[in-house]
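Hi everyone, thanks for coming. Let's have a look at the model together, and I'll start with a question.

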Amino acid sequence: MKPVNAEPFRWRAGDRILECGRRTLVMGVLNVTPDSFSDGGRILDPERAVAAGIRMVADGADLLDVGGESTRPGAEPVSVEEELERVLTVVKRLAGDVGVPVSVDTRKPSVAEGALDAGATIVNDISGGADPRMFGVVRAAGAGLVLMHMRGDPATMQEHTDYADVVADVRAELAARVDSAVAAGIAREHLCVDPGIGFAKTAGQNLVLLRDIDAFAELGLPVLVGPSRKSFIGRVLGTAVDERLDGTAAAVAWLVARRVDIVRVHDVREMVRVARVIEAIRDARPGEEPAG
Ligand code: HH2
């Protein structure tokens with residue numbers, strides 16, 4: 001096994017520092033939307049969203065990702081005002097209460113700015129900073145930034161799955177986004193990269209990206225991966241979106257074995273346990289017993 005980011009290093013996000021490289025961090029997904037592909041409408045009420053976030057932290061989440069826009073193909077577009085209304089209360093309450101860094105999953109610089117003012121310290125931008133104002137917002141706040149790979153936008157992305165070599169092409173396109181962020185004044189220690197499982201990729205391409213996830217560590221930044229409940233699992237197992245827990249666990253186990261830095265998941269309790277057991281196996285030494 002070729003270790004992914006075997007050297008421990010730090011990801012800076014506002015006043016927070018995330019230790020990467022020792023164990024895989026678990027990012028809990030909180031979609032405050034009516035239409036997200038796997039959990040839409042379940043936690044639209046801010047009180048329920050805050051309670052779900054508090055529960056995720058109790059279950060072992062290392063960070064929480066709050067989103068107010070579904071990126072599912074065919075999802076309704078959301079205005080800045082609506083997206084802000086969905087996420088602001090939740091971000092403010094969680095940033096004050098839970099003690100783990102809160103990230104905002106948005107492509108809109110104004111939403112990112114509002115959420116950072118409300119206490120978020122990370123922007124998770126699935127467009128990789130497509131709106132040029134995003135980098136300025138992140139730089140001004142000293143926030144962390146997840147640059148995810150996608151082509152086109154969620155409505156058109158599945159028309160852009162033409163790759164000569166999916167791993168090399170996605171890595172090169174991500175490297176170009178990293179260069180743009182750095183050119184806009186964001187220090188590399190604030191950046192994290194994500195190959196964007198399910199975004200402008202076929203099921204087969206997602207599987208190859210997961211197989212070769214080590215290739216992304218070569219960018220020299222923390223690597224985040226979001227396999228949770230995604231359709232490649234449905235294609236392999238023939239299961240609907242609400243029957244992908246075990247398939248998600250398999251993908252998370254693979255990623256933890258490969259030393260991926262962060263996994264973004266809906267089922268925090270289960271995936272934290274998967275991660276800890278896989279790490280115990282991966283790092284086992286003759287003569288040593290687990291702490292228990
Ligand atoms: N996947 C989704 C949303 N945001 N962010 C990152 N960095 N990586 C991902 O793989 C990723 C992401 C899609 O999943 P979900 O949030 O469950 O659905 P929706 O976009 O429909 O809200």
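A disulfide here means a pair of cysteine sulfur atoms within 2.5 Å, and a search of the whole structure finds zero of them.

A quick word on the source: this is a predicted model, where local features need pLDDT of at least 70, side-chain atom pairs count only at pLDDT 80 or more, and totals for chains, interfaces and linings use all residues. Residues are numbered from 1 along each chain as its sequence is written, and side-chain values use heavy atoms, with hydrogens and water left out.

Back to our cysteines. Cys-192 counts as buried, at 0% relative accessibility, and Cys-20 is likewise buried at 0%. Buried means under 20% relative accessible area, exposed over 50%, and partly exposed in between, with a 1.4 Å probe and protein chains only.

Now the strands, which are DSSP E runs of at least two residues, numbered from the N terminus. Strand 1 (residues 9-13) pairs with strand 2 (residues 16-20) in the antiparallel sense over five bridges; pairing needs at least two DSSP bridges. Trp-11 has Leu-18 in strand 2 as its bridge partner. The two strands form a hairpin with two residues between them, and Gly-14 in the turn has a positive phi of about 60°.

Finally, the largest nonpolar core has 77 residues, and Val-66, Leu-94 and Phe-216 touch the most other members. Apart from it lies another core, of twelve residues, including Trp-11, Leu-18 and Cys-192. Such a core is a set of buried Ala, Val, Leu, Ile, Met, Phe, Trp, Tyr and Cys residues joined through side-chain atoms within 4.5 Å.

Technical notes:
Helices (H or I, at least four residues) and strands (E, at least two) are DSSP runs, numbered from the N terminus.
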